[in-house]
Amino acid sequence: MSHSLSTSTSTAAPERPAPAPGQEPILLELVDENGVTTGIAEKLSAHRAPGVLHRAFSVFLVDGEGRLLLQRRARGKYHSPGVLTNTCCGHPYPQERPLIAALRRVGEELGVAPALLREAGTVAYRHPDPASGLVEHEFNHLFVGRLDLPADPDPDEVEEVLAVGPEELERLRAAEPFSAWFTTVWDAARPQVRDLAPGAGW
């Protein structure tokens, strides 16, 4: 059975495809197939088809019982709103270390700091998102860790956080939409999650 750690009553908002007037654009680091930086690009432009390979990260946290923490993305987000995905994901700022970016974004999205966070390799992929027409073409740094405190998510980012075991995860994947990137990053990170929570059945 899944356990909802936090919920929000936020309602759907209009799509936000570009920064608001006067707001600084978000810049991403472009990379080659080996993860070497080649330049920078504005976030949305990097995700427009056909997509430009850029640096990203994905975080998988487990709780004290070894359950995986999933987030449902806020319904006001312009990309993949309302779908389930891994605990946290995002993009480092140019020249920001992926680990620092992952810690920063966990705090921004979930309102807490993980008790443990460690590197779990990298994976590259290109996944079009049919709902938005955007493309996830990413060199993704994976991190796994543990969260001992209840999440306090920002409702503009996260609608709810679920704590699930292996069987519940499979039921959810069969019943609900997940982010376009979830399967790829989960398959790559799962061995490290299994090492982190050896008795949980991952």
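Where is Gln95 found? The legends below take that spot and a few others in turn, all in a predicted model.

**Figure 1. The whole chain, for orientation.** Starting at the N terminus, the elements go β-β-β-α-β-β-β-β-α-β-β-β-α-α. That makes four helices and 10 strands. Of the 202 residues, 49% count as buried. Take the contacts between residues at least 6 apart in sequence, and 69% of them join residues at least 24 apart. The chain exposes about 9,500 Å², with carbon and sulfur atoms supplying 53% of that area.

**Figure 2. Close-up of Gln95, a residue with positive phi.** Gln95 sits in the loop between β7 (88-90) and α2 (98-110). Its phi is near 70°, a positive value, and Gln95 is not a glycine. Most residues other than glycine have a negative phi.

**Figure 3. The cis peptide bond at Ala49 and Pro50.** Here's one to check by eye: the bond joining Ala49 and Pro50 is cis, with omega at about 10°. Most peptide bonds are trans. Pro50 belongs to the loop that runs between α1 (43-47) and β4 (54-62).

Figure 4. Why don't Cys88 and Cys89 bond to each other? The sulfur of Cys88 has its closest cysteine sulfur in Cys89, but that is 6.3 Å away, too far for a bond. A disulfide here would need the two sulfur atoms within 2.5 Å. The disulfide count comes to zero. Both residues are tucked away: Cys88 is buried at 0% relative accessibility, and Cys89 counts as buried too, at 11%.

Figure 5. Helix α4 (residues 182-196) has a kink of about 45° at Ala189, shortly before the proline Pro191. Ala189 is also one of the buried residues of this helix, along with Phe182, Val185, Trp186 and Val193. In an α-helix, residues three or four places apart point the same way, because there are 3.6 residues a turn. What do the buried residues of α4 pack against? Their partners include the strands β4, β5 (68-73), β6 (84-85), β8 (116-128) and β9 (135-146). The helix α3 (166-175) is on the list as well.

Note on methods: Residues are numbered from 1 along each chain as its sequence is written. This is a predicted model: local features need pLDDT of at least 70, side-chain atom pairs count only at pLDDT 80 or more; totals for chains, interfaces and linings use all residues. Side-chain values use heavy atoms; hydrogens and water are left out. Helices (H or I, at least four residues) and strands (E, at least two) are DSSP runs, numbered from the N terminus. Buried means under 20% relative accessible area, exposed over 50%, partly exposed in between (1.4 Å probe, protein chains only). Contact means heavy atoms within 4.5 Å. Accessible areas come from the Shrake-Rupley method with a 1.4 Å probe; for residues, only the protein chains shown count as cover. The bend at a residue is the angle between axes fitted to the seven residues ending there and the seven starting there.
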